[in-house]
Amino acid sequence: MPHPDQSSTRNILLRAMSPDDYGVLQPHLRRVAVEREMVMVPAHTPVEHVYFMEEAIASIVSDTPGKSRTEVGIFGYEGVSASFLLLGSDRSPHETFIQVGGGFALRIAADRYLEAIEQSRTMRTLLLRYVQTLTVQTAQSAATNAHQRIESRLARWLLMCHDRVEGDEIRLTHEFIGMMIAAERSGVTVALHILEGAGMIRSTRGRVLIVDRAKLIDMAGEGYGVPELEYRRLIGSFGKDGVGQP
């Protein structure tokens, strides 16, 4: 199988690299299929592979014994798994798995990835900028979950998913949404009805269709937009609000 050309990938980080930097990674990249619920980074385990996402959405989750799991980060075609490698750790207490959709990612062995980063200061800088955007996203999620109503948190999370999928349909269950926004399933059902009644979405079993993105942005309020702007400032175009549509 030929090594993927830089022009053939949808991953924004890889496309943002200089040709020389991408050339360091290219011999070690393999395009692989990913599917829903696939674990890319097991918790508390040395990571073996790194995935530059091209399709689907990955979730970074915290699992507290005796309590439900909670999402602490999300990324898609704009990101890469195992960002902790850039900070000198070989493992994380958090699991990363595919939460929405399926498709392809470019995979590289973790040791080859770290060797490539050691060879290029500009590559390291770009990837550390991505770590910054993920840190901002995590902080924004904590503030949103602490201070916003469930329907506003749901609107924010749907917008984040919408930015990372083609089209307007997001396939997922009420139970799964609850884990993502730190809410009970019954609360998610009520929140979905509120958004649907206001003409923002249409919801059926296992499926949410975005109908009015502008209304969702209003509902999300200050919870949505800060990490997205940080990404655009540091790396490049991303999202569905007129720049970098997937």
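**Cores, sheet and positive phi values**

The largest nonpolar core holds 44 residues, and those with the most contacts inside it are Leu13, Met17, Leu25, Phe52, Tyr113 and Leu127. A nonpolar core here is a set of buried Ala, Val, Leu, Ile, Met, Phe, Trp, Tyr and Cys residues joined through side-chain atoms within 4.5 Å. Buried stands for under 20% relative accessible area, exposed for over 50%, and partly exposed for values in between (1.4 Å probe, protein chains only). This is a predicted model, in which local features need pLDDT of at least 70 and side-chain atom pairs count only at pLDDT 80 or more, while totals for chains, interfaces and linings use all residues. Residues are numbered from 1 along each chain as its sequence is written, and side-chain values use heavy atoms, with hydrogens and water left out.

- Leucine 25 touches Leu14, Met17, Phe52, Ile108, Ala116 and Met123, leaving aside residues up to four places away in sequence; contact means heavy atoms within 4.5 Å.
- Another core, of 26 residues, lies apart from the largest one and includes Leu158, Ile170, Val188 and Ile210.

- Three strands form an open sheet in the order 1-7-3, with antiparallel pairing; two strands pair if DSSP finds at least two bridges between them.
- Strand 1 (30–34) and strand 3 (49–53) are the edge strands, each pairing on one side only.
- From one strand to the next, the twist averages 45 degrees; axes are lines fitted to C-alpha atoms, for helices over the stretch in contact, and angles run from 0 to 180 degrees between N-to-C directions.
- Strand 1 pairs with strand 7 (residues 103–109) in the antiparallel sense over 5 bridges, and alanine 33 stands opposite phenylalanine 104 in strand 7.
- Helix 3 (residues 110–119) packs on the sheet and touches strand 3 and strand 7. The direction of helix 3 makes about 70 degrees with that of strand 7.

**Positive phi**

- Most residues other than glycine have a negative phi.
- Glutamate 37, in the loop between strand 1 and strand 2 (39–41), has a positive phi near 75 degrees. Glutamate 37 is exposed, at 58% relative accessible area.
- Alanine 82, in the loop between strand 5 (70–75) and strand 6 (95–100), has a positive phi near 55 degrees. Alanine 82 is buried, at 5% relative accessibility.

Methods
Helix = DSSP H or I, 4+ residues; strand = E, 2+ residues; numbered from the N terminus.
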